[in-house]
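Open the model in your viewer and keep the sequence panel beside it. This tour moves from confidence to charged pairs.

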Amino acid sequence: MYNRWYDKYPDLKQLLLLLETVDEYTIDLISQDFLQIILARYKDEFDISIKNMNDNPPPRYSRWYDKNYNLHTCIEFIKTLEDNEKTELINAFIMSLLSFITNVDDE
(Lines give C-alpha, C1' and ligand atoms only; values in the text may rest on other atoms or scores of the structure.)
Protein backbone atom coordinates (compact mmCIF):
# COMPACT_ATOMS: atom_id res chain seq x y z
CA MET A 1 0.00 0.00 0.00
CA TYR A 2 1.27 3.45 -0.95
CA ASN A 3 1.39 5.93 1.92
CA ARG A 4 0.98 9.57 1.12
CA TRP A 5 2.05 12.26 3.57
CA TYR A 6 -1.56 13.10 4.39
CA ASP A 7 -2.55 9.49 5.15
CA LYS A 8 -1.51 10.04 8.76
CA TYR A 9 -4.15 12.80 9.06
CA PRO A 10 -7.48 10.95 8.77
CA ASP A 11 -9.59 14.11 8.53
CA LEU A 12 -7.45 15.50 5.72
CA LYS A 13 -7.47 12.17 3.96
CA GLN A 14 -11.28 12.04 4.12
CA LEU A 15 -11.56 15.65 3.00
CA LEU A 16 -9.38 14.95 -0.04
CA LEU A 17 -11.30 11.78 -0.85
CA LEU A 18 -14.52 13.79 -0.81
CA LEU A 19 -13.07 16.65 -2.85
CA GLU A 20 -11.79 14.19 -5.43
CA THR A 21 -15.41 13.39 -6.32
CA VAL A 22 -16.40 17.03 -6.85
CA ASP A 23 -16.55 18.74 -10.25
CA GLU A 24 -13.83 21.21 -11.25
CA TYR A 25 -16.01 24.31 -10.98
CA THR A 26 -17.03 23.46 -7.41
CA ILE A 27 -13.43 22.59 -6.51
CA ASP A 28 -12.43 26.03 -7.71
CA LEU A 29 -15.07 27.73 -5.54
CA ILE A 30 -14.19 25.66 -2.49
CA SER A 31 -10.45 26.21 -3.02
CA GLN A 32 -10.94 29.95 -3.14
CA ASP A 33 -12.76 29.77 0.18
CA PHE A 34 -9.94 27.66 1.63
CA LEU A 35 -7.42 30.25 0.48
CA GLN A 36 -9.40 32.97 2.25
CA ILE A 37 -9.30 30.92 5.46
CA ILE A 38 -5.54 30.55 5.16
CA LEU A 39 -5.03 34.25 4.45
CA ALA A 40 -7.17 35.23 7.43
CA ARG A 41 -5.24 32.97 9.80
CA TYR A 42 -1.72 32.82 8.43
CA LYS A 43 -1.05 35.93 6.37
CA ASP A 44 2.67 36.22 7.12
CA GLU A 45 3.41 32.49 6.92
CA PHE A 46 1.36 32.16 3.75
CA ASP A 47 3.41 34.79 1.91
CA ILE A 48 6.62 32.94 2.79
CA SER A 49 5.09 29.61 1.86
CA ILE A 50 3.94 30.90 -1.54
CA LYS A 51 7.43 32.23 -2.24
CA ASN A 52 8.92 28.84 -1.33
CA MET A 53 6.42 27.03 -3.56
CA ASN A 54 7.24 29.34 -6.46
CA ASP A 55 10.98 28.90 -5.89
CA ASN A 56 10.71 25.10 -5.54
CA PRO A 57 7.88 23.80 -7.70
CA PRO A 58 7.32 20.05 -7.69
CA PRO A 59 9.05 18.25 -10.56
CA ARG A 60 5.67 17.25 -11.92
CA TYR A 61 2.07 17.92 -11.03
CA SER A 62 0.79 14.37 -11.03
CA ARG A 63 -1.64 14.31 -8.12
CA TRP A 64 -5.30 14.97 -8.86
CA TYR A 65 -5.36 18.06 -6.64
CA ASP A 66 -2.36 19.56 -8.44
CA LYS A 67 -4.58 20.28 -11.42
CA ASN A 68 -6.25 23.11 -9.53
CA TYR A 69 -3.59 25.63 -8.54
CA ASN A 70 -5.62 27.03 -5.64
CA LEU A 71 -6.30 23.62 -4.13
CA HIS A 72 -2.69 22.59 -4.72
CA THR A 73 -1.55 25.73 -2.87
CA CYS A 74 -3.84 24.99 0.08
CA ILE A 75 -2.70 21.39 0.41
CA GLU A 76 0.97 22.31 0.08
CA PHE A 77 0.51 25.02 2.71
CA ILE A 78 -0.93 22.47 5.15
CA LYS A 79 2.34 20.53 4.87
CA THR A 80 4.23 23.49 6.32
CA LEU A 81 2.24 23.64 9.56
CA GLU A 82 2.84 21.98 12.90
CA ASP A 83 0.51 19.06 13.62
CA ASN A 84 -1.81 21.01 15.93
CA GLU A 85 -2.09 23.82 13.36
CA LYS A 86 -2.69 21.26 10.60
CA THR A 87 -5.59 19.86 12.61
CA GLU A 88 -7.10 23.30 13.21
CA LEU A 89 -6.84 24.30 9.55
CA ILE A 90 -8.19 20.97 8.31
CA ASN A 91 -11.16 21.36 10.66
CA ALA A 92 -11.74 24.89 9.34
CA PHE A 93 -11.69 23.50 5.78
CA ILE A 94 -14.19 20.80 6.74
CA MET A 95 -16.51 23.36 8.31
CA SER A 96 -16.21 25.53 5.21
CA LEU A 97 -17.01 22.58 2.96
CA LEU A 98 -20.02 21.62 5.10
CA SER A 99 -21.25 25.21 4.95
CA PHE A 100 -20.77 25.25 1.18
CA ILE A 101 -22.68 21.97 0.79
CA THR A 102 -25.46 23.22 3.07
CA ASN A 103 -25.78 26.48 1.11
CA VAL A 104 -25.86 24.65 -2.21
CA ASP A 105 -28.53 22.27 -0.92
CA ASP A 106 -30.61 25.22 0.33
CA GLU A 107 -30.58 26.92 -3.10
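Colour the chain by pLDDT, the predictor's confidence in each residue, from 0 to 100. Among the elements of this predicted protein chain, helix 1 (residues 10–19) has the highest mean pLDDT, 92. Helix 2 (residues 24–55) has the lowest, 85. Helices here are DSSP runs of H or I, at least four residues, numbered from the N terminus. The chain averages 85, and 90% of the residues score at least 70.

Two ground rules. Residues are numbered from 1 along each chain as its sequence is written, and side-chain values use heavy atoms, without hydrogens or water. The model is predicted, so local features need pLDDT of at least 70 and side-chain atom pairs 80 or more, while totals for chains, interfaces and linings use all residues.

Now the salt bridges (a side-chain nitrogen of Lys or Arg within 4 Å of a carboxyl oxygen of Asp or Glu). The count is five.

Select Arg 4 and Asp 7. Their closest N and O atoms are 2.9 Å apart. Arg 4 is partly exposed at 32% relative accessible area; Asp 7 is buried at 16%. Buried means under 20%, exposed over 50%, partly exposed in between (1.4 Å probe, protein chains only).

Next, select Arg 63 and Glu 76, bridged at 3.2 Å. Arg 63 sits in the loop between helix 2 and helix 3 (69–79) and Glu 76 in helix 3, so the pair ties together parts 13 residues apart in sequence. Glu 76 is buried at 15%.

Key:
Helix = DSSP H or I, 4+ residues; strand = E, 2+ residues; numbered from the N terminus.
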